[in-house]
Amino acid sequence: MNALVFEIHGAESPVSLLMTYLPAARSGDAVAQYRVATILQMCISSNDSRAETEKQLRAHLDASTDPDQRAAYQKDIDRCSPIWRSPPSETGARADWLRKSAEAGFAPALLEAASDTAIEQTLEQRNAKVRQALESRSAHVAAVAATSLYYDEVSPDGNFFDRLPYANGAVMRGLLAGCALGDDCSMASVTVKAYCQRTACPPAKDLIDLFSRELSPAEYDEARRFTDVVLADFQAGRIKAAVQPPGDLYRSYHVEFGRDARP
């Protein structure tokens, strides 16, 4: 996740954010369009159907016996109900906002739109979006590349569930890549606050200091070496676009360059 997504997921009132960003999105602001798409995706996840998303969440709530899990489901229902009740004509469709933001060249939107099945496009059009995002040399794209490449290293043929045990390591490498390209990685930043909501963070001066405390010296050294290799290749343009269903954007990196980013 990037800082914009972290901020949205941490908001108490997604509908207030939605109404705040909609005017700018309608005026063509690409960042606002991406924010609107992200809020709608958070609350309307089932084929852009408000009713079906609500039905599924309430079914999960009714079926759960774990108090913490039930509280989480209820929180999502409470936060998203105002959006479910708003007419689609008022908010627009998630995929349309994402497409507009990508067409304006906003790098996070380009990456997400490239693998979004709700946007009709050819494989070459998907690859073109990824190439354009990579050419931005932005911290966000570097972080996504580092995360994806790490998954490729540890689980090259794995599905979502195979990769779950490596999720935290992948996030760490992605965040380190973003820090190296100028993301705000102070303990007061949105990104770090959101990361620390999911895990109990010890006191630290910034994200790099935090990770050096959370990992063993060998693990931290490996993570930094991996990130350095990925960043060097990212900045040199050696990471190419390769969208292959079900959406692994960077698999060809290893084939084309014979790259093993681990030391």
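A disulfide joins C179 to C185, with an S to S distance of 1.9 Å; a disulfide here is a pair of cysteine sulfur atoms within 2.5 Å. This is a predicted model, in which local features need pLDDT of at least 70 and side-chain atom pairs count only at pLDDT 80 or more, while totals for chains, interfaces and linings use all residues. Residues are numbered from 1 along each chain as its sequence is written, and side-chain values use heavy atoms, with hydrogens and water left out.

**Chain overview**

- The secondary structure of the chain comes to 16 helices and 0 strands. Helices (H or I, at least four residues) and strands (E, at least two) are DSSP runs, numbered from the N terminus.
- The chain has 263 residues, and 47% of them count as buried. Buried means under 20% relative accessible area, exposed means over 50%, and partly exposed lies in between (1.4 Å probe, protein chains only).
- Of the contacts between residues at least 6 apart in sequence, 58% join residues at least 24 apart. Contact means heavy atoms within 4.5 Å.

**Disulfides**

- A search of the whole structure finds 3 disulfides. Counting bonded cysteines along the chain, the pattern is 1-2, 3-4, 5-6.
- C43 and C80 form a disulfide with sulfur atoms 2.1 Å apart. The torsion about their S-S bond is about -70°, so this disulfide is left-handed. The pair links distant parts of the chain, 37 residues apart: C43 belongs to helix α3 (residues 30-43) and C80 to helix α5 (residues 67-85). C43 and C80 are both buried.
- The link of C179 and C185 has -105° about the S-S bond and is left-handed. C179 is buried, as is C185.
- C196 is joined to C201 by a disulfide, S to S 2.1 Å. Here the S-S torsion is about -100°, so the disulfide of C196 and C201 is left-handed. C196 has a relative accessible area of 22% and is therefore partly exposed. C201, at 24% relative accessibility, also counts as partly exposed.

**Packing of α7 and α8**

- Two packed helices are described by the angle between their axes and the distance between the axes.
- Helix α7 (residues 94-103) and helix α8 (residues 107-114) have axes that come within 8 Å and cross at roughly 125°. Axes are lines fitted to C-alpha atoms, for helices over the stretch in contact, and angles run from 0 to 180 degrees between N-to-C directions.
- α7 and α8 are therefore oblique to each other. Angles under 35 degrees count as roughly parallel, over 145 as roughly antiparallel, 65 to 115 as roughly perpendicular, and the rest as oblique.
- From α7, the contact is made by L98, S101 and A102, and from α8 by A109, L110, E112 and A113. The residues of this contact divide into 5 nonpolar, 1 polar and 1 charged. Ala, Val, Leu, Ile, Met, Phe, Trp, Tyr, Cys and Pro count as nonpolar, Asp, Glu, Lys and Arg as charged, and the others, Gly among them, as polar.

**Surroundings of A146**

- A146 lies in helix α10 (residues 139-154). Its relative accessibility is 0%, so A146 counts as buried.
- Leaving out residues up to four places away in sequence, A146 touches R173, G174, A177, F226 and V230.
- A146 and L175 are 29 residues apart in sequence, and their C-alpha atoms are 8.6 Å apart in space.
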